Amino acid sequence: MRKAALIAIGAVIAAMVIGGAGMKLWAKSDTTASSASASWPEVKAILMAPPLVPPPVDRKGNARVIVNLETTEVTGTLTDGVRYTFWTFNGTVPGPLVRVRVGDMVQINLKNSEGSHNPHSIDLHAVTGPGGGAAVTQLGPGQAGAFEFKALNPGLYVYHCATPSVPMHIANGMYGLILVEPEAGLPRVDREFYVMQGEFYTKGKTLAAGLQPYDHEKNRNERPEYVVFNGRMGSLLDDKALRAKLGETVRLYVGNGGPNLVSSFHVIGEIFDKVYTEGGIGQQEPAHNIQTTLVPAGGAAIVEMKLQVPGRFLLVDHSIVRAMDKGALGMLHVEGADQPDIFRVITRGMPGSGGH
């Protein structure tokens, strides 16, 4: 009975996402640009693999922004010796960060790769419309669809697949971020990076070798074997660490694909000078002097810090077992001369990692 009830609930949610008004929109697709934006310049969105971020929007006025995305199913590395079949947008986990300006008309062109074995879709939390776009983008292998939306609200938003089983599609890596800049843009900083947390639910225990299948029971019970940044353990460590220089201001666009856990995002040895909580822009001043900020599943935050001392600074989910044992660990390497007025060693202890 309990299983039947859960299946019924899932069916209702799926119908709400992909049915009703959405199906009517799909049946009456219209490729004609809306009259208000028909004369706007058309630009192709610059899409870059994480942790890279597209450049700020420099153009005058609004535009029709064309965003080309493809859903793919690819087998890759989850950690050394562990393989996993990821479901992706444009071949990466997370998918590329999309950057537009408030007021833009954004056209999403979504293709499901011919090599896929499953239907896929996209729900952008920046969209005001049925299913965030998922109602009109349920696409089988080899199919393509498109819709457009006006970016009404500035902020940093999650997008993800919303094809049943939605928890499965998200847990396999189908999420990313879209930044809607305010009209005047965000204040310029020296460097920007893109970091997104996600969970993986494998049949084998953490670090069990080989190609690991997805485990839906672990997902239902919210017991991931991996909690990682940017799709794999070590994605932001060693030669892949984020790099900056002393005196620079760094901005991180931080997302949480989930599908289940809330992130306690923290940079060890730094304090966030500014935090745009939950990715909100324009309605309030950013918070200042924040040690750790919560990023809900399906949510985001923007954090900034001026780098005042050199060294290695660890990015973690401060639900600390996730960082030390399950993979939510990255590094920011800051180059520059020592700053003894701010931090200096008086008597050095044992060599090691300092407990982190």
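**Working through the model**

Reader: Where is Met324 found?

Author: Met324 is in helix H5, which spans residues 321–324. Helices here are DSSP runs of H or I with at least four residues, strands are E runs of at least two, and both are numbered from the N terminus.

Reader: Before I go on, what kind of model is this?

Author: This is a predicted model, in which local features need pLDDT of at least 70 and side-chain atom pairs count only at pLDDT 80 or more, while totals for chains, interfaces and linings use all residues. Residues are numbered from 1 along each chain as its sequence is written, and side-chain values use heavy atoms, with hydrogens and water left out.

Reader: OK. Is Met324 buried, partly exposed or exposed, and why?

Author: Met324 counts as partly exposed because its relative accessibility is 36%. Buried means under 20% relative accessible area, exposed means over 50%, and partly exposed is in between, with a 1.4 Å probe and protein chains only.

Reader: Which residues make the nonpolar surface patch?

Author: Ile320, Val321 and Met324 make a nonpolar surface patch of about 230 Å². Patch members have over 30% relative accessible area and no salt bridge; nonpolar side chains (Val, Leu, Ile, Met, Phe, Trp, Tyr) are joined within 5 Å, and like charges within 9 Å.

Reader: Zooming out, how many helices and strands are in the chain?

Author: The chain has five helices and 21 strands. Of its 356 residues, 49% are buried.

Reader: Pick a strand. How many residues of E14 are buried?

Author: Ten of its ten residues are buried in strand E14, residues 249–258. Thr249, Arg251, Tyr253, Gly255 and Gly257 point one way, while Val250, Leu252, Val254, Asn256 and Gly258 point the other way.

Reader: Which strands sit beside E14?

Author: Strand E10 (residues 191–200) pairs with E14 in the parallel sense over eight bridges, and there Gln197 stands opposite Asn256. Strand E19 (residues 299–306) runs antiparallel to E14, also joined by eight bridges, with Ala300 opposite Gly255. Two strands pair if DSSP finds at least two bridges between them.

Reader: Which residue forms a salt bridge with Arg251?

Author: Glu304 does, the closest N and O atoms being 2.8 Å apart. Arg251 lies in E14 and Glu304 in E19, so the pair ties together parts 53 residues apart in sequence. A salt bridge is a side-chain nitrogen of Lys or Arg within 4 Å of a carboxyl oxygen of Asp or Glu.

Reader: Are those two buried or exposed?

Author: Arg251 counts as buried because its relative accessibility is 1%. Glu304 counts as buried too, at 5%.

Reader: Which residues are linked in the salt-bridge network?

Author: Arg99, Glu181, Glu192, Arg251 and Glu304. Arg99 is in strand E4 (residues 98–101) and Glu192 in strand E10, 93 residues apart. Both Arg99 and Glu192 are buried.

Reader: How many salt bridges does the structure hold?

Author: The structure holds 15 salt bridges. One of them joins the side chains of Asp58 and Arg188 at 2.4 Å, N to O. Asp58 is in the loop between strand E1 (42–44) and strand E2 (64–79), and Arg188 in the loop between strand E9 (175–181) and E10, so the pair ties together parts that are 130 residues apart in sequence. Both Asp58 and Arg188 are exposed.

Reader: New topic: what is the strand order in the open sheet of four strands?

Author: The order is E4-E9-E8-E6, with mixed pairing. E4 and strand E6 (123–124) stand at the edges with a single partner strand each, so one side of each is left without a neighbour in the sheet. E6 pairs with strand E8 (residues 155–160) in the antiparallel sense over two bridges, and His160 in E8 is the bridge partner of Asp123.

Reader: Last one: where does Gln212 lie?

Author: Gln212 lies in strand E11, residues 210–212. Leaving aside neighbours within four places in sequence, Gln212 is in contact (heavy atoms within 4.5 Å) with residues including Tyr84 and Thr202.

Key:
Accessible areas come from the Shrake-Rupley method with a 1.4 Å probe; for residues, only the protein chains shown count as cover.
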